[in-house]
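User: I would like a close look at one part of this model, with some background on the chain around it.

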Amino acid sequence: MNVGLLLGLSAVLWGGWWLLSRHLATMAQKTKIIWDDALVDAVRRPISWLIWLWPAVIATGVAIDNTSHYPTGFLTVVRHLLLVWTLIWILLRLISNVEQAMAESAKDVTTLNAVSKVLRLIVMVIGGLVAMQNLGLSLSGILTFGGVGGLIVGMAAKDLLANFFGGMMIYFDRPFKVGDWIRSPDRQIEGTVERIGFRMTVIRTFDKRPLYVPNSVFSSIVVENPSRMTNRRIKQTVSLRYQDAAVVNQVVAGIKTMLQHHPDIDTRQTLIVSFDHYGPSSLDIMVYTFTKTVNWVEYKEVQQDVMLKIVEVVHQHGADFAFPTSTVHLAPNDDVPAVSHTPSQTVN
């Protein structure tokens, strides 16, 4: 009968908690604060389980007392562990809820993930120590054994620790974050960062293959982060014919004017259009400038537009583009022509 009353009381308490939690959730949704929503969602399920499990433990003790002489002192420990387990579950859910809510507007998701992982680790370690203390284990002995054991584990798992501290350095130094495009000239590593864990970083290559890189690797290689570029560079060589030497200066001026008035060229950056050097069969003009966009697709469109406008400028001044040629010298008293293999401009 007592067991039935306990179970009935659990049902009543659970029903009351269900109504109360729904009301609290409705009130939390009306506010702009993320903490109340995260807290209400964090406590709903653990408290529901506690409402059923706590009376169940008590009912188990009553049933044992009524049916046998087996001691029920261990149930006190079970109740304590149940409270510790509920508190740990609430804190872990609260950390996850706050992380998800802040990730929508956070500028640095990588740091947010790192802090949440550290907080979860702290909660689990403290909860584990409290649980062991409730089980009657000596914390001083555990900590002493942990110090010696930590030394042994550290020697046996140095690679694992190297990856762990490598991940911590990524979080603190922040050479890249989730979503960045990174590459390394030292290794065949290039792609978009998908996840930064405590042991490895997951990079999605441009052909959509996942690349799992141990964090310790990043402490010994050079990492480029193109996602943090402020501009993209256009660097081209425009080769004119030698017979267009008289208009080279006008072509250079025309190209420079075109770039200065181009809406997608950042004129605050270095802009160079200059007759560079004499080629084997051409007069080479260097074009060096930067676009405003850093998006790869947009950059290629701007580059194409600039190159087509350069063609228009060259043709407007009556010039044309050079290509490798050979000059044929005809000997006046010889039927066999002499061919010069040195590339030069064709003479018409």
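What percentage of the 348 residues of the chain count as buried? Then please describe the open sheet that three strands form in the order S5-S7-S6.

Analyst: This is a predicted model, in which local features need pLDDT of at least 70, side-chain atom pairs count only at pLDDT 80 or more, and totals for chains, interfaces and linings use all residues. Residues are numbered from 1 along each chain as its sequence is written, and side-chain values use heavy atoms, without hydrogens and water.

Of the 348 residues, 32% count as buried (under 20% relative accessible area, with a 1.4 Å probe and protein chains only). The chain has eight helices and nine strands (DSSP runs: H or I of at least four residues for helices, E of at least two for strands, numbered from the N terminus).

In the sheet, S7 stands between S5 and S6, and the pairing is antiparallel (two strands pair if DSSP finds at least two bridges between them). Strand S5, residues 232–240, and strand S6, residues 272–278, each have a single partner strand, so one side of each lacks a neighbour in the sheet. From one strand to the next, the twist averages 20° (axes are lines fitted to C-alpha atoms, for helices over the stretch in contact, and angles between N-to-C directions run from 0 to 180 degrees).

S7 covers residues 283–291 and is joined to S6 by six bridges. Phenylalanine 275 has isoleucine 285 of S7 as its bridge partner.

A helix belongs in this picture too: H8, residues 296–316, lies across S5 and S7 and runs at about 25° to S5.

For the chain, 62% of contacts between residues at least 6 apart in sequence join residues at least 24 apart (contact means heavy atoms within 4.5 Å).

Note on methods
Buried means under 20% relative accessible area, exposed over 50%, partly exposed in between (1.4 Å probe, protein chains only).
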